[in-house]
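Subject: Structure for you to look at

Hello,

Below is the structure I said I would pass on. Please open it first and then read the notes under it.

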Amino acid sequence: CIRDSSKDVPSPCISICVLDEKDICQGCFRSAQEITDWFMETPERKQEILDRSIERRKESSTIRLG
């Protein structure tokens, strides 16, 4: 199976790799498992991971500011 790399989702990694107590990276807000699995995932699954990481980032901002 050959993937169409034009549809690939770029990694959200920003090279700040610090996991919190819930194993969530404080740089990209992916879980440790999502980071490990990233390069083997389909573009659709990567987009799901990215969407979840964006939600985690928003929740984190609300908790810190709230």
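**Surface patch**

On the surface, I14, I16 and V18 form a nonpolar patch with about 260 Å² of accessible area together. Patches are made of residues with over 30% relative accessible area and no salt bridge, where like charges are joined within 9 Å and nonpolar side chains (Val, Leu, Ile, Met, Phe, Trp, Tyr) within 5 Å. The accessible areas come from the Shrake-Rupley method with a 1.4 Å probe, and for residues only the protein chains shown count as cover. I16 lies in the segment before α1. At 44% relative accessibility, I16 is partly exposed. Here buried means under 20% relative accessible area, exposed means over 50%, and partly exposed is in between (1.4 Å probe, protein chains only).

**How to read the model**

This is a predicted model, in which local features need pLDDT of at least 70 and side-chain atom pairs count only at pLDDT 80 or more, while totals for chains, interfaces and linings use all residues. Residues are numbered from 1 along each chain as its sequence is written, and side-chain values use heavy atoms, with hydrogens and water left out.

**Salt bridges**

Side chains of opposite charge can pair when their charged atoms come close. A salt bridge is counted when a side-chain nitrogen of Lys or Arg is within 4 Å of a carboxyl oxygen of Asp or Glu. By this rule there are six salt bridges.

One of them joins the side chains of D8 and K46, at 3.0 Å from N to O. D8 lies in the segment before α1 (32-37) and K46 lies in helix α2 (residues 43-65), so this pair ties together parts that are 38 residues apart in sequence. Helices (H or I, at least four residues) and strands (E, at least two) are DSSP runs, numbered from the N terminus. D8 is partly exposed, with a relative accessible area of 34%, whereas K46 is buried at 3%.

E34 forms a salt bridge with R52, and their closest N and O atoms are 3.0 Å apart. This pair links distant parts of the chain, with E34 in helix α1 and R52 in helix α2, 18 residues apart. E34 is buried at 6% relative accessibility, and R52 is partly exposed at 34%. E34, R52 and R56 are linked in a network of salt bridges.

What separates R45 and E48 in helix α2? The two are three residues apart, which means a separation of about one helical turn. R45 forms a salt bridge with E48, with the closest N and O atoms 3.7 Å apart. R45 is partly exposed at 27% relative accessibility, and E48 is partly exposed at 42%.

Regards
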